[in-house]
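Please read it alongside the structure shown below.

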Amino acid sequence: MHEVLFASAHIPRLERNISLPAKFERMLDRCDYASRFEGKRVAIKMHVGAAIGFYTLHPLFVKLVVDSVKQAGGKPFLTDGSFSTEAATVRGYVPEVVGARVVGAGGEHDQYYRAAQTELEELGEIELCGNVVDADALIVLSHGKGHGNSGFGGAIKNIAMGCVSYPTRGRIHGLMRSHFEWDSELCTHCGQCVSGCPTSAIKFNDDGEMQIFDHHCRYCMHCTTCCPTGAITMEEPRGKFELFQAGMAATCKEALKFFEQPRSVHYITVLTNITPLCDCWGFSTRPLVPDIGIVASDNIVAVEQASLDMIRAEDYIEGTLPDQYTTMGESGHLFERIHGKDPYEQVRQAEKLGLGGTEYEVVTIE
Ligand code: SF4
Ligand code: SF4
């Protein structure tokens, strides 16, 4: 059973020493970075966000991680996609604030990648970011939030989407596409599918051709059943979705092979400002649930399972979902009710590949 450290955002009394950053510092003290990171170049992989998004990790939490690595005798640097340095600056991830510079994960010119062969036949060879896998150690510092393609974006997504070349990312995304068929000859353009879609996933372009955005699609099948002419059909949507999750897990496995396990990899997921969409959207919508806190573990499966377990549908704050989502599904995890994709699937796929187990013990940091 894996240990998951937990610093709660809840504050029982008005005392600075029991607020989240203070608990987080005590959590980091407990992680024994000195014996793990002394003398090592430590890549801190985070998602620095995009455009005018403002619910990415607060720089204070990033600084506390950087300080902790430095105190342990390590040499930290932040890293994300190659063209992320400008996006990082906008959100305050600069040396003057967080104490470390941001290094483009794929090199200054986005040309530095290392090839790896995954165990997933449909994905095959991938390109991993050289500046991540060249490091001596890795801290996967993630913002836990929803994600339209995977249900949840945490540590698995941080590695699988953020530590690969843009073509590889496109190929992983491509594992879940093309599950709809639209017959233009049968379509009368009555518009029932568009008006009835609960997530506004369907549009007709200027040429009158249907376009369905997988990211928004909840697989509710309303469009296929409401269409009076049978113009839309859908094949094995969930099978394609599971393949996408398998692709992310397979990519994680290859990236993690570059590091000694478990001593040279640590996972920290910040569960605050839990929005429905990924930080790559370039804007922010309201958080769905009250802030939870921060979890940390040596194991990627355990940290993801614990993160998802702590985000409860029962805690949903009414009215925080954008109006574009006209209803919410009735069962499953909160993110499945929103996006129609079971967020635990990526965790199951990672477990299947031997990356860890879903049983964990929470150790609360007071
Ligand atoms: S419901 Fe069917 S016929 Fe009507 S616009 Fe949609 S695809 Fe075309
Ligand atoms: S399956 Fe449901 S969510 Fe997906 S496009 Fe059709 S109506 Fe919209």
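Domain bounds come from an automatic or database domain assignment. On that basis, the chain divides into domain 1 (2-174 + 238-364) and domain 2 (180-235). The model is predicted: local features need pLDDT of at least 70, side-chain atom pairs count only at pLDDT 80 or more, and totals for chains, interfaces and linings use all residues. Residues are numbered from 1 along each chain as its sequence is written, while chains are lettered from A and ligands numbered from 1 in the order in which they are written.

**Domains**
- The centres of domain 1 and domain 2, taken over C-alpha atoms, lie 33 Å apart.
- Contact (C-beta atoms, placed from the backbone, within 7 Å) joins 10 residues of domain 1 to 10 residues of domain 2.
- On the domain 1 side, the touching residues comprise 1 nonpolar, 8 polar and 1 charged (Ala, Val, Leu, Ile, Met, Phe, Trp, Tyr, Cys and Pro count as nonpolar, Asp, Glu, Lys and Arg as charged, and the others, Gly among them, as polar).

**Ligands**
- Residues around ligand 1 (C-beta atom, placed from the backbone, within 6 Å of it) include C187, H189, C190, C193 and C227.
- The shell of ligand 1 holds 6 nonpolar, 5 polar and no charged residues.

Methods
Contact = placed C-beta atoms within 7 Å.
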